[in-house]
Amino acid sequence: MTAEGARATALRWLDRPGDQGVTWGVPWPRGAVAPGTPFALTDEAGRDVPVQSWVSATWPDGSVKWSAHAAGAGPAAAGYRLEPGRAPAAPATPVTVTRDGGALAVTTGVVTWTIEESGPTLARSIARHTAGSTREIARDVRLVSLHQAGPTPDEGAAPPREQATGLVERVTVEQDGPVRAVVRLDGHHGGSHGGSHGGHHGGHHGGHHGGHHGGRLPFSVRLYFHAGAEAVRILHTFVWDGDPERDFLAGLGLRADVVMRDELHDRHVRLAGSGGFLTEAVRGLTGLRLDPGESARRNQVAGLPCGELAPEVASRLHLVPAWNDHTLDQSSADGFTLRKRTAEGHAWVTVPAGTRSAGYGYLGGVSGGLGFGLRDFWRLHPTRLDVRNAAAGSATVTVWLWSPSAPAMDLRFYHDGMGQDTFAEQLEGLAITYEDYEPGFGDPRGIARTHELTLRALGATPSAGELAGFAAAMNEPGLLTAAPARLREAGVFGVWEPPDRSTPARAAIEDRLDFLFDLYVREREQRRWYGFWDYGDVMHTYDADRHTWRYDVGGYAWDNSELSPDLWLWLQYLRTGRADVFRFAEAMTRHTGEVDVYHLGRWKGLGSRHNVQHWGCSCKQVRISNAAYRRFYHYLTADERTGDLLDELSAPEETFTVVDPRRKVREDVYTPDPSALSVGLGTDWGALAAAWLTRWERHGDERARDRLLGTMADIGALPRGFLTGEARLDLATGRFDTSADDIAVSHLSSLFGLPEICAELIDLVDVPGFERAWLEYCRLYLATPEQQEAEVGRRLDGISLIQAHSRLTAYAAARTGDAELAAWAWRRFARDEGDQLNTNPLQRQETWELTLVDGPHVLAPVREAAFVSTNDAAQYGLAAIHNLALIAEHLEEAGPEKGP
């Protein structure tokens, strides 16, 4: 793609259009867009659309690598064109942010949010502007939580619960228009309701901070405003810092007071069910013995003013109950219950239940009200929607991220250690259950979770169709994207190409890539991989005997990014543009970046290896917190929270002073030394390089650049290059000791993003010796033992996962133009020759098919592919994508008998 070709980029909606504002990212070829270049947006009819733009990454020459853009609310066109070099149109009514008297007023032209700069609210007031008038819709938007000092017992009374209101301690305006404004609020959930919250939230490193419980539960909330929008997106992240033995979160929610002005029969409650909405009036007129009139009944159900009522009904309205409170409780992915009551102190009346609520509601009347909801409501169970005091002048809605109806959140470790007090005993446990246990390491303190919510100030009760649209837009927010070919032309994210089904052999591999992705979509549904802490992850290994995944077996349970399923999914999205692949990868990024990684405390910046509990493994490593897994989502969406995760890795090398990941298996004597830190050149350095690269291209960070380029040069200077296995890093200089002359090869070194990041770096910068060192590793890993011995004086140990490593051979073949090496790569991809300990079953299965398993010996009927586990699937996907991009022309030359 030439610089001239970058003058305009076509954009399309990922899956559904958005009408309340949209933010997205676009990559540009190196040198095509100079810094400071403006961008203009036009719709398919050529009309200018106001757009706000900023740079999210740059190339080493300073040109724009990734730009981010925001458009405001309004009817969505089918497609758009983004043009660099032309000034953008200005919005008719821009977003503005003003400060006055210790508060911010953020106005979209349709709504104004008043935000105090500290205190117990996220917003003091939400007002809507209509036809020259302003009406307050809601007040005191706040965070609420419930805490108890012990778990909810199987029987008997639960411990007393204490309520807390979140305290905002700092407000930051990250963007202030004209099309998009972002306000960040930081604070904590902890402390007693109405009591002292004391202290500053910057000290989030364990310990006890006052209040009745041991943690403060720090949060960050971002409020997103777009020009012309009535809806505001809310991104809430909280970090768990409590003591899992005595702190039990019994409820976590967002609450707002809604101003109620209308007559009770003109007030409405709407709660989303599985397909439609519960349609209720606070005081119902339908079904009465006396008829209020057909128009009144019809209008009430439609949410319109009832108008004049029949006299015999109007005179008796005080005898018709007002339903003050409503609750929708999503206790699992398979069911929600509904109930309502006239007032506290009176019995609840049950309402017909359902399966999966869309998680959206409305409370208000014909003169306006508040729409509210939680994205992925049923997927993130236990969740709840509450309406209280709907018959009063001020009602309350609460969106519960953790339902108070559920047992309190229990984050204690799942077993007592079983006597594994020494490394020797722990290695024995690893041998039997694959669990790397160590006392005190299965600790959740520092993990996080992010939720997306919405509040919408409305001027009237919305229709059923409008409500359905609001819920759909919340659950699948609109995103503008460039086509795969356009993304590829920009030269980002290393080795991949759009699918090519031009030959039977290529089509067969594409079919298998589709099979694997569709399998995981099906498995997520069949196995119900949902829930507050679990949604977004997949399981590690299948148990064919029980026809289920090994959810209860040590290190075989939750995958936690093991062998890079994140990379596989994101590359598959880039090359296909499929919305379903994007949404799956998006959920995985939200999970693995938050739940599987520590964001405060002693392991901040490290992630946890796979386990029955996401935080349970004692192996804490940067291979899991890997920036390579988050960059895709951040650049494609300009998501600030993912940017926070990347910023947490600003100096990832410092984590190596905390814990030695090889402490249990070392044969040498080693203690982490800041002047000589042991860093593996595979999983460790690959993650460090991804973090440094991302820091450099996002922020122009010279320290990160120097450490990246310096360690690349040092690897090139090592006598054995990548074959050395590990090197000692001086934390002060950021450089490796290049005197080591060892050979140590691990089958895991290249399976956590190293081939992907090395390919990207080689294309990006020219560092003497680095490419040579990487190509040597790529050539020799799958070379014959005789060739290995001839070149380095010994046969390489640790050679396994042959198919996965075929992409290294393919890379060397492509860079050197070696056709024989390319044919060898395809043969190794197709046949896992000689790998007896780590045989990948995906090669042995001639036909990839699902098998139906039903009957009384399984919990529910399933369609299984027992030959697939996640290590296999992720690495098949990555190897297939790389090999097709690098050496597809040699696939047919390998011969049909050696095909995929």
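The expected span of a helix is 1.5 Å times one less than its number of residues.

## Basis of the model

This is a predicted model, in which local features need pLDDT of at least 70, side-chain atom pairs count only at pLDDT 80 or more, and totals for chains, interfaces and linings use all residues. Residues are numbered from 1 along each chain as its sequence is written, and side-chain values use heavy atoms, with hydrogens and water left out.

## Two helices

Helices (H or I, at least four residues) and strands (E, at least two) are DSSP runs, numbered from the N terminus. Helix α6 covers residues 504–526; its 23 residues should span 33 Å at 1.5 Å a residue, and the 32 Å between its end C-alpha atoms agrees with this. Ala-508 belongs to helix α6 and is partly exposed, with a relative accessible area of 32%; here buried means under 20% relative accessible area, exposed over 50%, and partly exposed in between (1.4 Å probe, protein chains only). Just after α6, Arg-528 adopts a positive phi of about 55°.

Helix α8 (residues 579–594) has 16 residues and extends 23 Å from its first C-alpha to its last, close to the expected 22 Å. Of its 16 residues, 15 are buried, so α8 is largely enclosed by the rest of the structure.

## The open sheet

An open sheet is formed by 9 strands in the order β14-β15-β16-β17-β28-β25-β24-β19-β20, with antiparallel pairing; two strands pair if DSSP finds at least two bridges between them. Its edge strands are β14 (167–176) and β20 (277–281), each pairing on one side only. From one strand to the next, the twist averages 15°. Strands β25 (residues 368–374) and β28 (residues 448–458) run antiparallel and are joined by 6 bridges. Gly-371 has Arg-456 in β28 as its bridge partner.

Helix α4 (residues 464–475) lies across β19, β20, β24, β25 and β28, and runs at about 135° to β24. Axes are lines fitted to C-alpha atoms, for helices over the stretch in contact, and angles run from 0 to 180 degrees between N-to-C directions. Helix α10 (residues 640–647) also packs on the sheet, and its direction makes about 140° with that of β16.

## Nonpolar cores

A nonpolar core is a set of buried Ala, Val, Leu, Ile, Met, Phe, Trp, Tyr and Cys residues joined through side-chain atoms within 4.5 Å. The largest has 224 residues, and those with the most contacts inside it are Trp-113, Trp-568, Trp-685 and Phe-722. Helix α19 (residues 870–887) supplies the largest share of this core, 10 residues. Apart from it lies another core, of 9 residues, including Leu-458 and Met-474.

Leaving aside neighbours within four places in sequence, Phe-722 is in contact (heavy atoms within 4.5 Å) with residues including Trp-685, Cys-758 and Trp-774. Cys-758 is buried, with a relative accessible area of 0%.

## Local backbone features

Most residues other than glycine have a negative phi, and most peptide bonds are trans. Asp-140, in strand β12 (residues 133–148), has a positive phi of about 50° and is partly exposed, at 30% relative accessible area. Asn-560 likewise has a positive phi, near 55°; Asn-560 is buried, with a relative accessible area of 0%.

A cis peptide bond joins Gly-177 and Pro-178, with omega about 15°. Pro-178 lies in the loop between β14 and β15. His-381 and Pro-382 are also joined by a cis peptide bond, with omega about 5°.
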